[in-house]
Amino acid sequence: MTGLPSPDPLKFAFTAKTSAHASRGGARPLALDDKDWQAWWQTATEAEERALYIHVPFCKKRCSFCNFFENGANPARMSRYMAALCDNLQQAAKTPFALSAPFSAVYVGGGTPTDMAVDDLARLAETIQGFPLTQDAELTLEGRLNGFDEPKWHTALAGGFNRFSFGVQSFDTQVRQQAARIDDRARLLERLAELTRYDEAVIVADLIFGLPDQDDAIWRQDIADVMASGVHGVDLYQLIAMAGTHLDRAESKGKPGWAADSQQRASMYAYGAHTLEQGGWQRLSCSHWRRSETEQSRYNQMAKRGAEILPFGAGAGGNVHGHGLMYGRDLAPWHQALADGRRAPGMVMGRNPNAAMDALLRGALDTGRLSLALLPDPLRGQLLPLFQVWQQYGLAALTAEWLELTLAGRFWSVNLQAGLFEYLQLNPLAGAGERGPHANAAAVRPVEIVGHSVTGLRR
Ligand SMILES: C[S@@+](CC[C@H](N)C(=O)[O-])C[C@H]1O[C@@H](n2cnc3c(N)ncnc32)[C@H](O)[C@@H]1O
Ligand code: SF4
C-alpha cells in the first residue's frame, strides 16, 4: 500500500509493476433477463458524459509481448464480423437510450482495427455517424502503421475519424523483429511523416520500454525518433509480463534474452519523461504526453473518470446505466446471438456503490494530481495517513489542497492506485458505501447473464 522506504524511490519503492490497471471490486454480478435488457435500451441515460467503445478483435500477427491478440485477421472472417458489428451498431443507434444524449468520444480499439478492409472501414464510419455525436466528438481508430495505406487513411478521414492511435512500441528494427513487429524503422518514420504532414488528424504513438534487447541507447533513440516523427501525442508504457505471451513462454523456458530490470526501466521512464517535458511536450497523465493541444486523449480520460461507455463487439467492455458490461470473446456465440436477435453473451455487474469515488481517485492518480477538496470529510481524514507515508517515501508531495505525485510516484502510479484501493478495503470507515474488509470478495467471480450460455469469458 505504502511502497517501501528507500533513498531512491523511483527505482526501489516497489519491486515490480504487475498489472496495467488497478481497481477494487464493489459490484456484484447481476442476473439481468431479456426484459430488463430491452428496458435498458428504452430508458434515457442519466450520465453526464458518454462514449462508444467498438472492439475489433483481429490482428495479422501475434506480437511477442502482447496478449491482446484474439483472432487472426483472415479477410473473410473479419468482413463477416464487421458486417454483423455494423448491423448491431445501426440497431442500437436508433434506440431511445442511444438517442437520449450525445456522445463526445468514440474509440475503435483492438486488436488491430486498421487491418479491416477499406469498404468495412467506410461502413463503420458511416454507422458511427448514425449516433448522436457532439460537434467536437473525438473519433479514434486504433491499430498499426503496417497496412494502413492511403485509401484507408482517406476513407477514415472522410468518414469523420479525427484521431489515430498507432502502436509503434520501438523504432529499433532489431528490437522490432524480435518482438515480431512487421515494419522497419525507416518505413515507420516515413509513414508517420506522411500522416502528420498536413495535420489533418491527431496522430498518437505508443512506445514500450523494457522490450528484449531494448537497451538504454536504443530507448534514447526511440524517444528522439518519436519526438521528431511529427506525432501529436505519445504514450510511454512499461513492459508488463503477461501470461500466455510468446515472451512469457520464452522466459519460462529460461531463454528470455537480455531485458532491462525494474530499476533500469525506472531510469528509462525518467529519461523519457524529462526529455519530452524539456522538449516542450505537456504531460496529460503519468504515461501520456502531447506536443499539440489538438491532442485531448478524451476517451482515455473519460474511461478513467468512469463515464458511461457503450461497448460493442466480441470482447468489448463498458459501463451502461452505471453497470459494468463485458461481452464474451468467442466469435461463434457472439455471431449466433446477434443472428438470432439475442443479446451477445457476456457478464453484467450490479451498480458499484463506490463507483464515483473510485473513478475520481483512479482518474486523479492517473493524471498525477488529486485535489483534496474533492474528498468528502471522513474519507479525507482516513486517507491522509496513507498520503503522508507516500510523501515520506518520496512518492508524493502533500499540501493543504493537493496531493501531487513525484516523478517516482508517477512511475509507480498503478501500484499506488492498487495500494489505495487495498487501503480502502481494509478500512471500512474510509469510503462512503464501504461494507467491511471482505465485502467485495464475491464480486470478482464472473457469473453468466441469466438465460444465455457464456462460453467466451475467461475465468
Ligand atoms: C490493444 S494494443 C493495440 C496495438 C496495435 N494493435 C499494435 O499492434 O500496435 C494497445 C497497446 O498496448 C500496449 N501493450 C501491449 N502489450 C503490452 C505489454 N505486455 N506491456 C505494456 N504495454 C503493452 C502496446 O503499446 C499497444 O500499442
Ligand atoms: S500489439 Fe497489436 S498487433 Fe500485436 S498482438 Fe497486440 S494487439 Fe495484436
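Colleague: Which residues surround ligand 2?

Modeller: Ligand 2 has Cys-59, Lys-61, Cys-63, Phe-65, Cys-66, Phe-68, Phe-69, Gly-111, Thr-112, Arg-144 and Arg-181 around it, where near means a heavy atom within 4 Å. Bear in mind that this is a predicted model, with local features needing pLDDT of at least 70, side-chain atom pairs counting only at pLDDT 80 or more, and totals for chains, interfaces and linings using all residues. Residues are numbered from 1 along each chain as its sequence is written, chains are lettered from A and ligands numbered from 1 in the order in which they are written, and side-chain values use heavy atoms, with hydrogens and water left out.

Colleague: How does the shell around ligand 2 divide by class?

Modeller: That shell has 6 nonpolar, 2 polar and 3 charged residues. Ala, Val, Leu, Ile, Met, Phe, Trp, Tyr, Cys and Pro count as nonpolar, Asp, Glu, Lys and Arg as charged, and the others, Gly among them, as polar.

Colleague: OK, ligand 1 now. Which residues come nearest to it?

Modeller: Phe-65, Gln-169, Arg-181, Asp-206 and Ile-240, out of 19 residues around ligand 1.

Colleague: What polar contacts does ligand 1 have with Arg-181 and Ile-240?

Modeller: An oxygen atom of ligand 1 is 2.8 Å from a polar side-chain atom of Arg-181. With Ile-240 it's a polar backbone atom, 2.9 Å from a nitrogen atom of the ligand. A polar contact here is a pair of N or O atoms within 3.5 Å.

Colleague: And how much of ligand 1 does the protein bury?

Modeller: 91% of the 570 Å² that ligand 1 exposes when taken alone, by the Shrake-Rupley method with a 1.4 Å probe.

Colleague: Switching to helices: how do H3 and H5 pack?

Modeller: H3 (residues 75–93) and H5 (residues 118–128) pack at about 10°, axes 10 Å apart. They are therefore roughly parallel, a label for angles under 35 degrees. Axes are lines fitted to C-alpha atoms over the stretch in contact, with angles running from 0 to 180 degrees between N-to-C directions. Helices are DSSP runs (H or I) of at least four residues.

Colleague: What about H5 and H6, at what angle do they cross?

Modeller: Roughly 10°, with the axes of H5 and H6 (residues 150–158) coming within 9 Å. So H5 is roughly parallel to H6.

Colleague: Which residues of H5 and H6 meet there?

Modeller: On H5, Val-118, Leu-121 and Ala-122; on H6, Pro-151, Lys-152, Thr-155 and Ala-156. Contact means heavy atoms within 4.5 Å.

Methods:
Helices (H or I, at least four residues) and strands (E, at least two) are DSSP runs, numbered from the N terminus. Angles under 35 degrees count as roughly parallel, over 145 as roughly antiparallel, 65 to 115 as roughly perpendicular and the rest as oblique. A polar contact is a pair of N or O atoms within 3.5 Å; within protein, one must be able to donate a hydrogen and the other to accept it, and residues adjacent in sequence count only if both atoms are side-chain atoms.
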